[in-house]
Amino acid sequence: MFGKGKKLVIVLLSVMSLSLVLAACGGNKENNGNTNNVATESASPAATETAAAATEQKLTDGLGHEVTIPANPQRIIASYLEDYLVALGVKPVAQWSVPNGIQDYLQSGLKDIPTISYDLPYEAVTSFTPDLLILGANSTVDGGKYDQYAKIAPTFVLGDEVNNDWRKALLKIGEVLQKKDQAQKVLDDYEAKAADAKAKLQAAIPDQSVAAIWLVANKFYVVSDKLSSGAVLYNDLGLKVPNVVKEISASGTGSWNEISLEKLADLDADHLILINSDKATGSEALKDPIWQSIPAVKNGHVYEYEGTSSWLYYGPVASSQMIDNVLKDIAK
């Protein structure tokens, strides 16, 4: 999903302690219920691997555990990996949450699914009587947690290498759920969609640059040029990376790295995608003269999305929605 999923959770939680800004009203309408989502459409046809053909299997996870995967798991918990489940047409028994939010952009596929805390307390996990746990990063099972989870249900950990690359994660989860053909189709459809969008963008805005900026708790963050939605913009869509984004990405360690207003003044982007998590509290930072002086802002080339949009996440569904957004906003 998110290239550095755990880092975003940390940012979200730290932000939560300052303000409940991520609880801003309503989701982005272009994202929630997007009917053009290639990943969701790919999950609609019946999978090649039918339920009748599924059998119990033994797989080695990213941490070296041999895990016996049930033939047709019906009560799956895959916290913060729900993007992949939605893409594959699978409904978990519980969905990831933090105290101030859920993954709103997935709710067309997760409607009415109860929530479970991001840190997966043992008692909460047990209460859902899962028959399979799929976990992402190594850190999710630090401190002996794996043994505790494995007592509740078969537990498969993707591991950092797979978890940090949504394509690998999609295919691995497809293998675990015996939906390999379906996962490959989702990926192939996405790659075709991205290639088509890339060609349209090259024709519409040749040699123009784009940056994604996140405003939250009166601070600005810029997306990495290699992670999260930055990977979609610059790798999948081939858009030009602004020099300031390159500079901050080189020294930053997260998917989103803080950028000062003064540095924003030097942002040489032709177009700005603004993820505004401060909308409910007035977006005061956007009234600053420095922000107003940025060329893309003065030229009216700012495209605003709420903090509940897919731009803060990463995966086949999120990435497909981002492509739709870019085409709508920029390739006019």
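This is a short walk through the structure, one selection at a time.

**Colour by confidence.** You're looking at a predicted model, so start with pLDDT. The average over the protein is 87, and 84% of the residues score at least 70. Now select residues 2-48: here the pLDDT is below 50, although the stretch has 112 contacts in the model beyond near neighbours in sequence.

**Into the core.** Next, pick Ile134, Phe220, Leu272, Ile273 and Trp291. Within the largest nonpolar core, which counts 101 residues, these touch the most other members. As background, nonpolar side chains in soluble globular proteins tend to be buried together.

Stay on Ile134 and show its surroundings. What is Ile134 in contact with, leaving aside neighbours within four places in sequence? The list includes Ile76, Ile77, Ala78, Ser79 and Leu81, then Phe156 and Leu158, and also Ile173, Val176 and Leu177.

**Along helix 8.** Two of those contacts of Ile134, Ile173 and Val176, take you to helix 8, residues 166-176. Go to the start of the helix and display Asp165: one of its side-chain oxygens comes to within 3.1 Å of the backbone nitrogen of Arg167. Past the other end, click on Gln178, which follows helix 8 and has a positive phi, near 55°.

**Ring to ring.** Now show the aromatic side chains; the structure has nine aromatic pairs. Begin with Trp214 and Trp256. Their ring centres sit 5.8 Å apart with the planes at 70°, so this pair counts as edge-to-face. Trp214 belongs to strand 8 (residues 210-216) and Trp256 to strand 10 (residues 256-259), so the pair ties together parts 42 residues apart in sequence. Both Trp214 and Trp256 are buried.

Then jump to Phe220 and Trp291, which you already met in the core. Stacked or edge-to-face? This one is stacked, with 5.2 Å from centre to centre and 10° between the planes. Phe220 is in strand 9 (residues 219-223) and Trp291 in helix 13 (residues 289-293), so parts 71 residues apart in sequence are tied together by the pair. Colour by accessibility and you'll find Phe220 buried, at a relative accessible area of 3%, while Trp291 is buried at 4%.

**Last stop.** Select Tyr80, Trp96, Tyr105 and Tyr313 together: ring pairs link these residues into a cluster.

Conventions:
Residues are numbered from 1 along each chain as its sequence is written. This is a predicted model: local features need pLDDT of at least 70, side-chain atom pairs count only at pLDDT 80 or more; totals for chains, interfaces and linings use all residues. Side-chain values use heavy atoms; hydrogens and water are left out. Buried means under 20% relative accessible area, exposed over 50%, partly exposed in between (1.4 Å probe, protein chains only). Helices (H or I, at least four residues) and strands (E, at least two) are DSSP runs, numbered from the N terminus. A polar contact is a pair of N or O atoms within 3.5 Å; within protein, one must be able to donate a hydrogen and the other to accept it, and residues adjacent in sequence count only if both atoms are side-chain atoms. Rings of Phe, Tyr and Trp (its six-membered ring) pair if their centres lie within 6.5 Å; planes under 30 degrees apart count as stacked, over 60 as edge-to-face and the rest as tilted. pLDDT is the predictor's confidence in each residue, from 0 to 100. Contact means heavy atoms within 4.5 Å. A nonpolar core is a set of buried Ala, Val, Leu, Ile, Met, Phe, Trp, Tyr and Cys residues joined through side-chain atoms within 4.5 Å.
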